[in-house]
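Visitor: I am new to protein structures. Could you show me how to read one, feature by feature?

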Amino acid sequence: MTKPTPGPWRVTQWPDGDTVITDNRGHGLAMLLTIGTPKVQANAALIAAAPDLLLVLKRALEDIITLQDLVEVYAGRDEDHGTSGINIEIRNAIAKAGGAK
């Protein structure tokens with residue numbers, strides 16, 4: 001799978017009024033079809049945050065697994081963290097974004 005354009009992404013209003021998601025060089029990545037409404041702006045903000053959210057989600061998964069390992073050492077247990085509920089949800093979200101983990 002091709003890697004996405006690296007962040008940060010921004011919500012930009014082009015001179016013609018279009019709401020566009022741009023990369024850090026100002027190149028257009030996506031244009032929203034309906035312009036000017038609060039919902040479009042909210043959707044654009046969420047899309048623009050995608051690279052940051054993906055990075056933080058990957059880091060959070062690593063931290064969760066580390067904490068689970070520490071708890072298990074303390075409790076004297078040995079379990080597979082890859083199949084716990086939240087870990088599966090995080091892995092699925094990362095995979096959906098094309099950042100398989």
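Visitor: Which residues are buried in helix H1?

Guide: Keep in mind that this is a predicted model. Helix H1 spans residues 38-48, and its buried residues are Val-40, Ala-44 and Ala-48.

Visitor: Why do they lie on the same side of H1?

Guide: Start with the general idea. An α-helix makes a turn every 3.6 residues, so residues three or four places apart point the same way. Now the case here. Val-40, Ala-44 and Ala-48 cover an arc of only 70 degrees around the axis, which puts them on the same side of H1.

Visitor: Which residues are exposed on the other side of H1?

Guide: Pro-38, Lys-39 and Leu-46 are exposed there.

Visitor: What covers the buried residues of H1?

Guide: The cover includes E1, strand E2 (19-22) and helix H2 (50-75).

Visitor: Which residues form the largest nonpolar core?

Guide: That core has 6 residues: Trp-9, Ile-21, Leu-32, Val-40, Ala-44 and Ala-48. H1 gives the most to this core, with 3 residues.

Visitor: What does Ile-21 touch?

Guide: Leave out residues up to four places away in sequence. Among its contacts are then Trp-9, Leu-32, Ala-44 and Ala-48. Ile-21 also touches Arg-10, Val-11 and Ile-47.

Visitor: Is Thr-2 buried or exposed?

Guide: Compare its relative accessibility with the cut-off. Exposed means over 50%. Thr-2 has 72%, so Thr-2 counts as exposed. Thr-2 lies in the segment before strand E1 (10-13).

Visitor: How many residues apart along the chain are Thr-2 and Gly-98?

Guide: They are 96 residues apart along the chain, yet their C-alpha atoms are separated by 8.3 Å.

Notes: Residues numbered from 1 in each chain as written. Predicted model: local features only at pLDDT ≥ 70, side-chain atom pairs only at ≥ 80, totals over all residues. Heavy atoms only, no water. Helix = DSSP H or I, 4+ residues; strand = E, 2+ residues; numbered from the N terminus. Buried < 20%, exposed > 50% of the residue type's maximum accessible area, 1.4 Å probe, protein only. Arc of directions from axis to C-beta. Contact = heavy atoms within 4.5 Å. Core = buried A, V, L, I, M, F, W, Y, C linked by side-chain atoms within 4.5 Å.
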